[in-house]
Amino acid sequence: SVLFVAWFMGLGYGFVFTFLYWHLEDLNGTTTLFGVCSVLSHVSELTAYFFSHKLIELIGHIRVLYIGLACNTARYIYISYLENAWTVLPMEVLQGVTHAAIWAACISYLSAAVPPELRTSAQGILQGLHLGLGRGCGAMIGGVLVNYFGAAATFRGIGMACLVILLLFALIQWLAVPDEEEDKTMLAERIPVPSSPVPIATIDLVQQQAEDVLPRVESRLPPKKTKHQEEQEDVNKPAWGVSSSPWVTFVYALYQIKEMVQLMRDSRAPEIQPLQGTSENRENSLAGGVRPVPRETHSDPSRNQPSPQAAASQTRSSPTHPSVAQRVEEREDQQAQPAAGG
């Protein structure tokens, strides 16, 4: 029944939003009047949103719906008997009660009536009924009725329909909910939802009071572990073993290939260095069989060719080039051997 009232109030809101200014234009209303009506209706909605929490706390959700249906009845019937367009301004103040207060009461009521895990879905259904289906039906059905009966007669008929629905809704609540105390316990401050216009401090206070009176024992299930986590926590399996997860296996294989390539590079490095040294020794031994012929120069040969003692001292004095010193010593030994043989 609450969802039906929310749909019907959305129908009336869509009808007023679509055809009110059209009706006022038929009554020689100006654009200035339309602007003043829009300002009054929006200011009344903002004010109703600020005080809807106190109103729901005082009289309850269902009585707020009663007031909204009654204000809709009075507003539509009043508009249907208008003769001067400017006299519509007092009724525009009721926009806050007929739309903002109804919307806040419906959200608060559904949030308290459904389980916590379904609150978001319930608010989505309410928004679809009130602002979607209700407002669309108000525009389409209202257009057909205005085309056949006129705007004034249509406003009067929707106002009478609001009165009939108000009586039926009150009868259903009286028969189905005989205990009026049940609605008083469903206050908005007990509902910590984002759409509820309840201060956060009030929500925390009421939650603490409810926990003190009725402590809740929540059983928490252990978090479900993945297969990879279970394999890692298994004591019987080694830590270096290949996992059944494809990504872990792939990364493990890449890491092993990288390690093998690095080991191969490290093993090749020491093998190449002695090969170079032996090749140099062979070249020196081959070159030692042929005695080098000194070049003819006009200068003194004793000056151009240093003595073995001077070469040895030079090689000792330059420790930064050990390979050069070794080559010089080997050449001196090779030159001394054929000389001794001759």
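What share of the contacts in the chain with a separation of 6 or more is accounted for by residues 24 or more positions apart? I looked this up at the start, counting as a contact any heavy atoms within 4.5 Å, and found that such residues account for 77%.

Before going on I noted that this is a predicted model, in which local features need pLDDT of at least 70 and side-chain atom pairs count only at pLDDT 80 or more, while totals for chains, interfaces and linings use all residues. Residues are numbered from 1 along each chain as its sequence is written, and side-chain values use heavy atoms, with hydrogens and water left out.

**Overall make-up**

I found 14 helices and zero strands in the chain, taking helices (H or I, at least four residues) and strands (E, at least two) as DSSP runs numbered from the N terminus. Of the 342 residues, 30% count as buried, where buried means under 20% relative accessible area, exposed over 50%, and partly exposed in between (1.4 Å probe, protein chains only). The chain exposes about 23300 Å², of which carbon and sulfur atoms supply 62%; the areas come from the Shrake-Rupley method with a 1.4 Å probe, and for residues only the protein chains shown count as cover.

**The record**

I then read the unreviewed UniProt entry, whose annotation "transmembrane region" covers residues 5-24, 64-81, 93-112, 133-151 and 157-177; its positions are given in the numbering used here, feature names are shortened, and annotations may be inferred rather than shown by experiment. In the model, residues 5-24 are 100% helix and 0% strand, with the end C-alpha atoms 27 Å apart. For residues 157-177 I noted 95% helix and 0% strand, and end C-alpha atoms that lie 30 Å apart.

**The core**

The largest nonpolar core has 37 residues, and those with the most contacts inside it are Leu-24 and Leu-69; such a core is a set of buried Ala, Val, Leu, Ile, Met, Phe, Trp, Tyr and Cys residues joined through side-chain atoms within 4.5 Å. Among the elements that give two or more residues to this core are α1 (2-26), α2 (31-59) and α3 (61-80), and the largest share, ten residues, comes from α1. Leaving aside neighbours within four places in sequence, I found Leu-24 in contact with residues including Leu-33, Phe-34, Cys-37 and Val-88.

Cys-37 has 0% relative accessibility and therefore counts as buried, and Cys-71 is buried as well, at 16%. I also searched the whole structure for disulfides, pairs of cysteine sulfur atoms within 2.5 Å, and the search gave zero.

**A charged pair**

Side chains of opposite charge can pair when their charged atoms come close. Taking a salt bridge as a side-chain nitrogen of Lys or Arg within 4 Å of a carboxyl oxygen of Asp or Glu, I counted one. Arg-75 forms a salt bridge with Glu-92, their closest N and O atoms being 3.2 Å apart. Arg-75 lies in helix α3 and Glu-92 in helix α4 (residues 89-92), so the pair ties together parts that are 17 residues apart in sequence. Arg-75 and Glu-92 are both buried.

**Two single residues**

Thr-73 lies in helix α3 and is buried, because its relative accessible area is 8%. Not counting residues up to four places away in sequence, Thr-73 touches Gly-159, Cys-162 and Leu-163. I also noted that Thr-73 and Leu-166, 93 residues apart in sequence, are 9.1 Å apart in space, C-alpha to C-alpha.

Asn-28 sits in the loop between α1 and α2, and has a positive phi of about 65 degrees although it is not a glycine. With a relative accessible area of 69%, Asn-28 is exposed.
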